[in-house]
Amino acid sequence: MTDNDRDITQIRSDIDRVDAEIMRLLAERRGHSVRIAHEKGRARRPSRDQIREEDLIADRITVGHDHDLDSGLIVKLWRAIVNDSVRVQQEALGRGEADADTITVAIQGIEGSYSHLASQQFFGARGLEVEAVQAPTFAKAFEAVRAGAAEAAVLPIENTTSGAISEVYDLLLDSPLALVGDIKFRVRHRLLGLEGASLSGIRKVYCHPQAIAQCSEFLASLRDCEVVHFSDTALSGKQITDLGDPSVAAIASEDAARMFGLSVLKAQVANRAENYTRFVVVAAKPIPIPEGVPAKTSVVMGVGNHPGALMDALSVFNESEIQLVKLESRPIPHNPQEELFYLDFEGDAADPATASALDELTRHVRFLKVLGSYPSRDLREAPSADRATATAPTGREKLIAPKHRTDSPSGYRLGSRGHKAANTVVEAGAARLGEDDLVMMAGPCAVETWDQVLDAARAVRDAGGAVLRGGCFKPRTSPYSFQGLGFEGLDMLAEAGKTFGLPIVTEVLSPEDVEGVARKADVLQIGARNMQNFTLLSAVGRTHRPVLLKRGMSSSLDELLQAAEYILHEGNQQVILCERGIRTFETSTRNTLDLSAVPVLRSRTHLPVIVDPSHAAGQRDLVAPLALAAQAIGAHGIMVEIHPDPDNALSDGPQSLTLEQFSELTAALGIPRAR
Ligand code: PEP
Ligand code: MN
């Protein structure tokens, strides 16, 4: 080794030492950045302070001059350092313990699509590189996140020209994923073609349906030109390259042009120059928002079918001084006569003031699902706390529900009078349960034949009944007993209900069947044997159908209320409680009708309470006296089993009333006949 070699080795080790020191200092600097992030979080300040960033770089240039360092180098170096610091702060503020610099993101379409560009913009601002997981449909993109194939999905939800993308709204409603962010992305449509192609020579344009709507004016101006639908904007660009035909063009982004080596034939093709698409970001779990970061929350709600119902729900935001930033309505999938409302408002659902407003909202809606809270760019003061008032019961109500218990029970809350003083009114067709008028529900224990259910339905309607019951999935003690006609029976029941203008109620036995049953049934029944099937309770809690929850035959009222809480907790606020008799030492009746359940429940809960004397008595002679007693004690409704030919019924014949007996019963109860 020469002296010269030795010198170089020494110098290199000096450089290594300095570099190691720089590393240590960079790490120390990053530690300070994280501390700043926490301070900013506490002081509710945004993570980025552009003025401070520019001042800092100017200052470093001056100090660099003192050391004879090139200002170009200083600018480059400190820009990189500052950007890294912003990323670190944003992660500390918004993403918890993120450790990788890349994130897998499911998008509908291929790389270069607007979804891809939007995801790069969204995650790029958080210092993350996007690794795209391509999905052929929006549903598959959701599925990729649910299955763990992607950490997030970015999907378009609305465009300034073409409006809401309904499929994504419907997916948000049904999906267990959380909404964790949104981004308004400026869409710049370009007409792309092969190099050398001319606008006048274009005979065919490949285009995504959304882009067709957004560029309709330009497309209409083209002569002798066919517009072909394409599922993906970027892919339409690729198609042009693959075809190699100069008479074919596509509408896509400039990035797509670059990716597929195409040229821009016309730059401005959208109807409006300001063309924005809002994308939503969904992930498997909500991401907690650090205190102080301004946030937005998105919810879906369903309200009653009566004048003022929407106003009533919206007044909660008004009274809580929460600013609504968006209201969109969509028909309920498979139930298009009714609408669901999608709302965005300022605030984080985890923040106590917002949480209490959402709590108040549950008192005014039929259904509520919080899609998620996520950081928003607009800074505003946190809303003030709300106040809840209780109204005293009056008239008959006062006699039969003597005292509302408003203490805080431990196992249930949403169902308690403490949470909501006024009665919840559950609507099924024209029937309103929870008001003074007694609602009569009747029908066969099980749907057996078309004639049987049709005859029963006619009798229900004629005698003033408001809801048609009928079991299609039967929970039978013995596996050898008739198990019901399943979905085939449900079709008959639904048809019979339609024929006589009656909403239908039927039991659902398993979580897998909930969706299918909810498509057809107006009310979902949870039977006594399933009262503590918590998976089933949660599943019906996610639907938009009222639920008739029967008391388990060995369950306390407290357990019944906690079972109802499972449904309420999932978002569905329409629960009807049903006393149907309990197991006691007494053997003279099938079960013992616990009539005191009615006033006890009415004092503890705002939910409507009905009585089923048929399953309690087990014999038809006892049904009428028990029904009259139920009315007297303040039940909001009565459900009885009837059959055109009880002696030949496939289930519960002995307790089923004949159609004539049913008519006598409704007369005795003073229920007006059908007109
Ligand atoms: C029914 O109503 O058909 C029924 C099976 O009742 P329960 O769940 O109360 O036994
Ligand atoms: Mn029965």
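In the predicted model, an oxygen atom of ligand 1 lies 2.7 Å from a polar backbone atom of alanine 528. The accessible area of ligand 1 taken alone amounts to 290 Å², of which the protein buries 97%.

Alanine 528, lysine 550 and arginine 580 belong to the set of residues surrounding ligand 1. That set also includes Arg469, Lys474, Pro475, Glu507 and Gln525, together with Gly527, Arg529, His615 and Glu641. Classified by residue type, the shell comprises 7 charged, 3 polar and 2 nonpolar residues.

Elsewhere in the model, the packing of two helices was examined. Helix α5 spans residues 138–146 and helix α6 spans residues 166–174. The axes of α5 and α6 come within 10 Å of each other and cross at roughly 30°. Because angles under 35 degrees count as roughly parallel, α5 is described as roughly parallel to α6. The crossing of α5 and α6 is right-handed.

Key
Residues numbered from 1 in each chain as written. Chains lettered and ligands numbered in written order. Predicted model: local features only at pLDDT ≥ 70, side-chain atom pairs only at ≥ 80, totals over all residues. Heavy atoms only, no water. Near = heavy atom within 4 Å. Polar contact = N/O pair within 3.5 Å; in protein donor to acceptor, adjacent residues only side chain to side chain. Areas by Shrake-Rupley, 256 points an atom, 1.4 Å probe, with all protein chains shown as cover. Nonpolar A, V, L, I, M, F, W, Y, C, P; charged D, E, K, R; others polar. Axes fitted to C-alpha atoms, helices over the stretch in contact; angles between N-to-C directions. Helix = DSSP H or I, 4+ residues; strand = E, 2+ residues; numbered from the N terminus. Parallel < 35°, antiparallel > 145°, perpendicular 65-115°, else oblique. Left-handed = near helix turned anticlockwise from the far one by under 90°.
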